[in-house]
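Open the model in your viewer and keep the selection panel at hand. The tour moves from the whole chain to single residues.

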Amino acid sequence: MASSSRTSLNTTARISCRRYATTIPVAPPKPPKPPAPPADPNRIYTPRKTALHSEYSNTIQNSPFFVILGHQNFSVAKFTTLRKDLAKLKPSKGAPEDQPPAKLSVIRHAIFGAAVKSVQPQAAELISSIQGPAAILAFPSLDPPQLKSVLRVIERAVPKSRPGGPAGEVRPVLHVIGAYAEGRVFQATGIQNLSTLPTLDTLRAQLVGLLSAPAAQLAGVLDQARGGRLSRTLEGLKASLEENEKEV
């Protein structure tokens, strides 16, 4: 009797310890988000945004060459000092004496991108390279020596890291992202290469020299062959051609 009771208790314990699979409710999949509505042409923008869009559009339209800078932890005081240093730069050799300096302005990414797409769509590729706070450096003309001087000023505006400085020190950052000139987008490396070129007037003079060299040589030959020398020059050319035919 006792053995039968223990067997019954063990069977009951095993049954009570069994675990049965339960069904876990699964949430239905979320429906896909509807596409964003098209821009409302009648949307009214705030006066501040409208003014910035107009300012950026004028800057892009009136600047044949501009550079985009990225910055982090660059204070207002440092921007003020940088603008003063840029204003002190003298025009490069051969440039007009009244040529204005490069203009530095902090930009709002979204509004600036809209202005670029509406005024200079060829430069839209440059917008995708902007990540974080940015500024535009607008030049009155494409002047490589002036660009070289500006890049040196920008480099000096960022303090170099000091060995053994305090841990966790927040340092200002200012770097070149890209540029746009003559319908072409330049990356940072291309801007450095562009700054090593001479002025456009010097390049034009070199190009004219290369093109005029063959003409000058031809003029020299004709000058030597003028008058009585012309017949002797032609006779010499004829004799040279006849000798070449005999050799063949």
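How many helices and strands does the secondary structure of the protein chain come to? There are 9 helices and 5 strands. Helices (H or I, at least four residues) and strands (E, at least two) are DSSP runs, numbered from the N terminus.

This is a predicted model, in which local features need pLDDT of at least 70 and side-chain atom pairs count only at pLDDT 80 or more, while totals for chains, interfaces and linings use all residues. Residues are numbered from 1 along each chain as its sequence is written, and side-chain values use heavy atoms, with hydrogens and water left out.

**Whole chain.** Color by secondary structure. From the N terminus, the elements read α-α-β-α-β-α-α-β-α-β-β-α-α-α. Of the 248 residues, 26% are buried. Buried means under 20% relative accessible area, exposed over 50%, partly exposed in between (1.4 Å probe, protein chains only).

**Strand β3.** Select residues 134-139. Here 6 of 6 residues are buried. Ala-134, Ile-136 and Ala-138 point one way from β3. Ala-135, Leu-137 and Phe-139 point the other way.

**Its partners.** Two strands pair if DSSP finds at least two bridges between them. Center on Leu-137. Val-67 has Leu-137 as its bridge partner, and Leu-104 stands opposite Leu-137.

**The cavity.** Which residues line the largest cavity? Select Glu-55, Tyr-56, Thr-59, Ile-60, Ser-105, Ile-107, Phe-112 and Ile-136. On a 1 Å grid over the protein atoms alone, a cavity is a set of points where a 1.4 Å probe fits but cannot get out; lining residues have an atom within 4 Å of a point. The structure holds 1 cavity of 30 Å³ or more. The volume of the largest cavity is about 40 Å³, taken as the space filled by probe spheres set on the points, with grid points joined across faces, edges and corners. Helix α2 (47-61) gives the largest share of the lining, 4 residues. Both α2 and β2 (103-107) supply at least two.

**Last stop: Ser-195.** Select helix α7, residues 188-195, where Ser-195 is found. Is Ser-195 buried or exposed? Ser-195 is buried, at 5% relative accessible area. Show its neighbors: not counting residues up to four places away in sequence, Ser-195 touches Pro-144, Leu-147, Lys-148 and Leu-151. Contact means heavy atoms within 4.5 Å.

Key. On a 1 Å grid over the protein atoms alone, a cavity is a set of points where a 1.4 Å probe fits but cannot get out, and a pocket is an open set with protein on both sides within 12 Å along at least five of seven lines; lining residues have an atom within 4 Å of a point.
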